[in-house]
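Take a walk through this model, from its overall make-up down to single residues. Keep the sequence and the coordinates side by side as you read.

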Amino acid sequence: MVMALINCKDCNSEISDSAEACPKCGAPVPKIVGPDEEQCPHCLTILHSSATKCHGCRAVKGYMYEPRYGAFGKTGTIVWGLIVPAITIIGLPISVYAAYRLFVTGPRWFVSRGAD
Ligand SMILES: [Zn+2]
Ligand SMILES: [Zn+2]
């Protein structure tokens with residue numbers, strides 16, 4: 001398991017996700033208990049692995065994020081990240097980024113700044 005830094009739900013200080021509790025305020029760090037669960041990296045809420053929105057902090061899961069449209073799922077990323085920008089030379093870096101997200105890194109959680 002990769003160790004990552006997460007923000008404490010209570011005091012917002014950076015703590016290791018392998019810690020049992022926050023060293024600053026002592027708040028317990030929630031742990032993933034099931035194979036179909038994952039943890040929001042922004043607020044530590046335990047979510048179902050199929051969830052695309054965190055009910056704790058409104059973070060959204062996807063391959064790419066755009067404030068007006070929210071997070072892009074796989075189809076949206078292929079169409080709006082890969083195919084459409086590839087048609088124009090200026091959009092090529094976006095296509096490379098989209099391909100990297102789709103095939104290398106997978107989806108991630110984005111802090112929601114606009115649309116749900
Ligand atoms: Zn804390
Ligand atoms: Zn969250």
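This is a predicted model. Its protein chain has a mean pLDDT of 88. Of its residues, 97% reach 70 or more. Confidence is lowest in β1, with a mean of 83, and highest in β5, at 95.

Now the overall layout. The protein chain holds two helices and eight strands. Along the sequence, the order is β-β-β-β-β-β-β-α-α-β. The C-alpha atoms fill a box of roughly 50 × 30 × 20 Å along the principal axes. The chain has 116 residues, and 36% of them count as buried. Consider next the contacts with a separation of 6 or more: 32% of them join residues 24 or more positions apart.

Turn to the metal sites. Which residues coordinate the zinc ion (ligand 1)? The donors are the SG atoms of Cys 8, Cys 11, Cys 22 and Cys 25, at 2.3 Å. In sequence, these donor residues follow the spacing C-x2-C-x10-C-x2-C. Cys 11 and Cys 22 link distant parts of the chain, 11 residues apart. Cys 11 sits in the loop between β1 (5-7) and β2 (14-16), while Cys 22 belongs to the loop between β2 and β3. The arrangement around the zinc ion (ligand 1) is tetrahedral because its four donor atoms subtend angles of 106 to 114°. For four tetrahedral donors, the ideal angle is 109.5 degrees.

Cys 22 is buried, with a relative accessible area of 4%. Cys 11, at 33%, counts as partly exposed. Cys 25 is partly exposed too, at 40%.

The zinc ion (ligand 2) has its own set of cysteines. Its donors are the SG atoms of Cys 40, Cys 43, Cys 54 and Cys 57, at 2.3 Å. The spacing of these residues in sequence reads C-x2-C-x10-C-x2-C. What arrangement do the four donor atoms make here? They subtend angles of 99 to 117°, so the arrangement is tetrahedral. Cys 40 and Cys 43 are both buried. For Cys 43, the relative accessibility is 9%. As for cysteine pairing, a search of the whole structure finds zero disulfides.

Most residues other than glycine have a negative phi. Asn 12 is not a glycine, yet its phi is positive, about 70°. Asn 12 lies in the loop between β1 and β2. Leu 44 also has a positive phi without being a glycine, at about 75°. Leu 44 is placed in the loop between β3 and β4. Is each of these residues buried or exposed? Leu 44 is buried, because its value is 2% and the limit is under 20%.

Thr 45 is found between β3 (37-39) and β4 (46-48). At 8% relative accessibility, Thr 45 counts as buried. Which residues does Thr 45 touch, leaving out those up to four places away in sequence? The list is Lys 9, Glu 38, Gln 39, Cys 40, Cys 54, His 55 and Gly 56. Cys 40 and Cys 54 on that list are also donors to the zinc ion (ligand 2).

In one, Lys 61 pairs with Glu 38, with the closest N and O atoms 2.6 Å apart. This pair links distant parts of the chain: Lys 61 is in strand β5 (residues 60-62) and Glu 38 in strand β3, 23 residues apart. Are the two partners buried or exposed? Lys 61 is buried, with a relative accessible area of 19%. Glu 38 is buried as well, at 18%.

The other salt bridge joins Glu 66 and Arg 68. Here the closest N and O atoms are 3.7 Å apart. Glu 66 is partly exposed, with a relative accessible area of 23%. Arg 68 counts as exposed, at 64%.

Key. Residues numbered from 1 in each chain as written. Chains lettered and ligands numbered in written order. Predicted model: local features only at pLDDT ≥ 70, side-chain atom pairs only at ≥ 80, totals over all residues. Heavy atoms only, no water. Donors = N, O, S within 2.8 Å, 3.2 Å for Na, K, Ca; no water. Tetrahedral: all angles 85-135°; square planar, octahedral: opposite > 155°, others 65-115°. Buried < 20%, exposed > 50% of the residue type's maximum accessible area, 1.4 Å probe, protein only. Helix = DSSP H or I, 4+ residues; strand = E, 2+ residues; numbered from the N terminus. Contact = heavy atoms within 4.5 Å. Salt bridge = Lys/Arg side-chain N within 4 Å of Asp/Glu carboxyl O. pLDDT = per-residue confidence, 0-100. Disulfide = S-S within 2.5 Å.
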